[in-house]
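Here are my notes for anyone opening this one for the first time. Have the view open beside you and take the points in order.

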Amino acid sequence: MLADELVLEAHGLKKIYLSGEVQTPALRGVDLSLGQGEFVSVVGPSGCGKTTLLNLLGGLDRPTQGRITLDGTRLDLASEKELSKVRLNNIGFVFQAYNLFPVLSAAENVEYVLMLRNVPAAERRRKALELLGAVGLAGMADRRPTRLSGGQQQRVAVARAISTNPRLVLADEPTANLDSGSAGQLLGMMEELNRQRGITFLFSTHDPRVVERAHRVVRLRDGLVVDDGNGNHATV
Amino acid sequence: MILFKLAWRNNWRHRWRSGLTAAAVVFGLSITIWGFCFTEGSHEQIIRNSVESFTGHVQVHRKGFHDDPSLRKVFYPDSQFVPELEGGVPGLANYSFRISTFGLASVGETSFAAMIVGIQPEREQEFIHWDRKIEQGRYLHPGDINGALVGADLAENLGIGIGDTVIIVTQDYYGSLCGALRVVRGTVRSHARELDRGGLLISLASAREMLSMQGMANTAVVMATGSEQVPQLISELDNRLGAGGLEVIGWRRIMPDIVQAVELDNVFGILTNLILLLVIGFTVLNTFLMSVMERIREFGIMRSLGASPGRVVGLIVVEAALLVGLGFVLANIVGIGASVYNSVHPLDFSEMGGDELSKFYGMDPRIYTRLTWQTLVYPNLFVAVVILLALIYPAWRAARISPAEAVSRRH
Amino acid sequence: MGIFIRIAWRNLWRNYSRSLIMIGGIGVGLFGLLVYYGISNGFINQLVEVSIELELGHVQVTRRGYYQHPVQSNSFTPANSLMERIESVHGVRAAAGRLSAAVLVNSAEKSNRVDLVGIDPEREGRVTSIRNMIAQGEYLGPGQDGKIVIGRKLAEHLGVGLGDKLVVMTQDSENELQSRLFRVGGIFETNSPLWEKTAAFITLRSMRKLLGRPLQLTAILVRAEREKSLEPIVAGIDSLVTGEGSALEVFEWKEVSPLLAQSIEMFDFFVWVFYLIIYLAMAFGVVNIMLMVVLDRTRELGVMRAIGTTPGQVMTMVLLEAALLGVAGIIVGGGAAWLLNGYLAANGLDLGRWADGMEFMGLGSVIYPRIEPLEWLVSFLSAEAAVIVSSIWPAWRSAGIEPVRAIQFE
Ligand SMILES: Nc1ncnc2c1ncn2[C@@H]1O[C@H](COP(=O)(O)OP(=O)(O)OP(=O)(O)O)[C@@H](O)[C@H]1O
Ligand SMILES: [Mg+2]
């Protein structure tokens with residue numbers, strides 16, 4: 001494990017949502033560093049800011065204050081275009097609601113991202129099949145999402161997320177819609193990918209059985225990190 | 001009331017879609033209203049130009065003259081016409097007598113074949129207002145046996161000037177060659193095609209003399225007090241004159257060509273506007289179908305709470321009525337506003353180089369729109385029908401929603 | 001790009017009733033436009049054809065000022081072999097001289113004004129199609145100086161038939177009244193009632209004798225090999241006749257007939273306005289539908305953005321979907337118009353009910369709609385462009401969808 005090489009570093013992250021006059025502070029100064037190859041879970045009660053944190057780290061949203069450095073790029077300063085590029089090349093996303101494209105087959109969902117990276121067509125198909133094999137869906141490449149179970153859909157989502165060889169995969173409650181069997185399989189598969197390919201995983205969850213599998217657990221409460229796990233403590 | 005509130009909020013929920021749909025209705029309907037007013041204005045102008053500037057509302061001839069004109073088919077106004085009108089005819093404003101024929105006319109080196117019309121200058125002045133149609137020179141003075149007026153286009157083509165002498169040669173009542181010398185007093189622009197391009201007006205007295213037709217005429221031009229009075233005037237005149245071997249015809253028969261051209265233009269106008277409205281209809285259909293489809297759950301729940309299918313359809317219809325009603329009101333304001341504006345400030349096609357064309361059609365190149373109840377009612381009716389058609393399927397679809405379908409379909 | 005097209009294509013079938021409505025709207029609009037265009041074009045072509053085929057030819061040579069004052073004294077005497085030299089100009093098929101005058105024609109009982117044209121029967125046959133229009137009797141032969149050919153309508157009006165006598169009255173070059181007897185040798189029928197009523201033909205030789213202008217012509221009509229690009233021919237002939245003491249001028253048919261030119265202009269204008277209105281009406285529908293497409297798919301588009309799709313790519317995808325719908329609408333509407341237009345072009349659109357009205361407009365009552373291949377193409381492309389342009393705004397909005405939308409619970 002190359003824990004000393006940092007993939008992501010966040011400092012003093014604050015996020016305040018404005019809805020009309022009402023200000024909701026979702027994050028109130030979070031520091032977090034992720035090293036290469038880590039397998040980290042973010043936990044905390046509902047509304048503590050897990051989703052908000054992952055959105056900021058993935059460049060889906062911008063912090064109200066603070067710095068985020070991903071692979072040397074300052075996400076808090078990056079332009080929309082640069083963020084698109086970072087999301088495409090450096091990060092993979094797995095969503096709670098799977099969010100596959102319903103008009104595309106499993107393989108095409110994976111190919112889509114490869115196409116965005118201008119991978120030639122033949123190469124794309126080969127790679128997509130290989131990845132689907134890796135997540136245990138070898139025979140289902142040509143099925144549309146509506147003909148896959150939740151667990152299968154989420155595995156396609158994982159295959160899609162890792163298809164561009166990202167340094168970091170962010171997953172917001174990836175198992176929330178899955179039964180415990182599928183959830184365990186998904187976690188096992190993610191662990192496998194973490195081990196074999198050295199991809200850094202950061203996932204949020206409520207499920208204690210999922211938390212168990214994490215190598216490091218970051219605990220959030222009321223928008224603050226209360227425990228950074230594994231002694232890699234954030235200086236508060 | 002709650003139905004209205006619900007309907008209004010549903011429309012408001014999709015502001016963009018509702019706004020675009022209402023805007024589409026406004027666009028289609030206001031253009032159609034304006035278009036109808038424009039067409040009506042131009043048609044009315046063509047007809048009025050022709051009626052008021054030359055043909056009159058009604059003409060009376062010897063029976064058979066209209067279908068197969070000949071100089072020998074004449075009548076004697078003093079014995080056959082005037083006495084029969086004694087006591088006054090309701091709806092009749094004025095009349096005068098004419099003799100028309102064809103002849104060869106020459107001015108200087110050029111000769112041309114002309115429609116020669118003998119008119120009663122003083123009488124016709126009262127209702128045709130010839131003096132207003134004089135482009136150059138002057139109108140015929142009373143008793144001016146030697147004067148002539150020439151169609152403006154004819155004068156222009158042949159280079160005829162005021163004071164030129166015209167030699168007229170033609171066949172007289174008995175078929176023998178006859179001739180006369182006349183002096184051009186003025187040129188007329190009447191907007192009646194045959195007159196402007198080839199007409200020569202002289203006095204009735206001089207025509208009678210030249211053609212050996214003392215006391216005769218072949219046409220009586222009759223003006224009604226208003227165009228609405230024409231049908232009644234025709235039958236009244238027919239009662240009085242028919243027995244004496246005379247034939248009374250209205251302007252519709254005098255100029256079937258113009259009447260038909262107008263009719264044909266109306267057909268094309270309706271068809272083209274219908275295409276426009278159908279395109280708009282698809283937008284309306286889309287909006288309402290989508291508004292039904294995305295609320296299948298909602299309607300299903302309404303049904304499971306005990307609402308009848310009619311209730312659901314009612315909601316859709318009220319929603320549509322609110323939205324489209326707004327469109328109708330705005331469209332009528334815009335359409336009527338534009339039409340009224342252009343009825344005062346005409347569209348001028350002369351800048352587009354439309355002068356030859358308007359001359360050909362006997363029109364003024366400036367076209368005034370004309371708002372009548374038809375130009376208002378028909379477009380509104382067409383749009384209403386198109387929208388009703390567009391509502392059928394969404395309403396039917398909404399009526400068929402069952403509580404079960406609503407639950408099984410996850411959105 | 002391929003996958004974007006695939007996505008756009010499959011998206012069409014997700015909500016097929018919405019797609020069908022959009023296709024229907026575009027289809028109906030385009031169908032109406034094309035049918036209207038075909039008929040308008042049919043009107044114009046008839047006017048043009050009648051003018052070219054009977055009255056004007058493609059190019060005319062006249063004495064300067066003749067068309068301002070079309071009178072017989074404005075005639076000219078062509079130089080020797082001028083006709084042959086004109087025919088040797090590149091692109092010219094044939095030329096024929098005419099001598100015309102407005103005359104009075106009398107039958108036993110009636111008279112009418114007529115544009116009498118003296119023609120060289122043999123040359124005229126190569127330039128205009130009067131020869132082909134003879135419905136009864138025969139066309140003028142070279143020696144038939146006592147024959148007159150008149151239109152069906154005129155014959156009816158004057159109450160004469162083949163072999164009947166007509167007296168032509170006119171003024172000659174000495175301003176003397178001339179009247180001469182002719183016999184009806186042929187009766188022609190055309191698609192132009194106006195022309196049928198007012199035109200009559202005799203041989204050039206007898207016309208010259210009648211008017212006392214033994215060598216003169218009022219016009220030389222020229223027929224080109226091809227209708228388009230007449231400028232070089234006009235220029236070529238112009239350079240020939242400038243040697244004639246420049247008393248002559250050369251015109252294209254369009255310049256000679258301002259009425260025709262304005263009719264074309266006016267029809268073009270109305271067609272243009274109609275296209276504009278229909279495309280705007282279509283735009284309301286397209287914007288409406290594409291906006292719904294975008295709103296429905298906010299989440300999906302957010303995911304696309306989240307995993308690295310650029311705003312431009314999202315926009316492209318939405319535009320592609322609209323473009324595909326546009327193509328489908330064009331196939332439907334254009335196809336239907338193509339069938340109807342083809343049928344009417346072959347069988348004619350019979351407006352006989354309004355024959356008098358058509359005559360008032362200078363037209364025969366059967367219209368043959370016509371749309372040139374290029375005009376089909378331009379209509380299709382402009383309709384597609386209208387659809388795409390109308391979709392720009394919804395597509396622009398789709399590009400602005402924020403990637404966080406992908407995560408937000410609905
Ligand atoms: N778009 C938003 N506008 C306003 N407030 C928001 C928004 N999104 C989140 N919040 C608020 O920010 C706080 C943190 O929300 P967040 O979604 O990050 O919590 P979470 O830890 O993911 O919760 P859960 O476990 O329920 O998913 C909450 O109080 C929430 O109400
Ligand atoms: Mg959350």
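Predicted model: local features only at pLDDT ≥ 70, side-chain atom pairs only at ≥ 80, totals over all residues.

**Notes on the ligand shell and the two interfaces**

1. Who sits around the ligand? The shell around ligand 1 consists of A:Y17, A:T24, A:A26, A:S46, A:G47, A:C48, A:G49, A:K50, A:T51, A:T52, A:E173 and A:H206. Sorted by class, these shell residues come out as 7 polar, 3 nonpolar and 2 charged.

2. A few distances are worth checking on screen. The side chain of A:T51 has an N or O atom 2.6 Å from an oxygen atom of ligand 1. For A:H206, a polar side-chain atom is 2.9 Å from a ligand oxygen, while A:C48 uses a backbone N or O atom, 3.3 Å from an oxygen of ligand 1. Taken on its own, ligand 1 has 630 Å² of accessible area, and the protein covers 64% of this.

3. Now for the contact between chains A and C. Chain A puts in 27 residues and chain C puts in 26. Together they bury about 2300 Å², with 64% of that area coming from carbon and sulfur atoms. On the chain A side, look for A:F101, A:V103 and A:Y112: these residues supply 23% of the area that chain A buries against chain C, more than any other three residues.

4. How many salt bridges cross between chains A and C? The rule finds 3. One to look up is C:R305 with A:E80, whose closest N and O atoms are 2.9 Å apart. There are also 9 residue pairs in polar contact across the A and C interface. The chain A elements that each give at least two residues to this side are α1, α2 (80–89) and α3 (106–116). Of the elements, α3(A) gives the most, 6 residues. By class, the chain A side holds 13 nonpolar, 8 charged and 6 polar residues.

5. Next, chains B and C. Here the contact takes 66 residues from chain B and 69 from chain C. The area buried between them is about 5900 Å², and carbon and sulfur atoms account for 70% of it.

6. What about charged pairs between B and C? The rule finds 2 salt bridges across this interface. B:D68 and C:K110 form a salt bridge through their side chains, at 2.3 Å from N to O. Polar contact links 9 residue pairs across the B and C interface. Several chain B elements each supply at least two residues to the side touching chain C, including α2 (15–55), β2 (92–107), β3 (110–119) and α10 (256–293). The largest share is from α10(B), at 22 residues. In all, the chain B side divides into 37 nonpolar, 19 polar and 10 charged residues.

7. Last, a pair within one chain. Over all chains, the salt bridge count comes to 53. The side chains of A:E130 and A:R126 meet in a salt bridge, 3.9 Å from N to O. Why is their spacing along the helix about one turn? Because A:E130 and A:R126 are 4 residues apart in helix α4 (residues 121–134) of chain A, about one helical turn separates them.

Definitions and conventions
Residues numbered from 1 in each chain as written. Chains lettered and ligands numbered in written order. Heavy atoms only, no water. Contact = heavy atoms within 4.5 Å. Buried area = accessible area lost by both parts, 1.4 Å probe. Salt bridge = Lys/Arg side-chain N within 4 Å of Asp/Glu carboxyl O. Polar contact = N/O pair within 3.5 Å; in protein donor to acceptor, adjacent residues only side chain to side chain. Nonpolar A, V, L, I, M, F, W, Y, C, P; charged D, E, K, R; others polar. Near = heavy atom within 4 Å. Areas by Shrake-Rupley, 256 points an atom, 1.4 Å probe, with all protein chains shown as cover.
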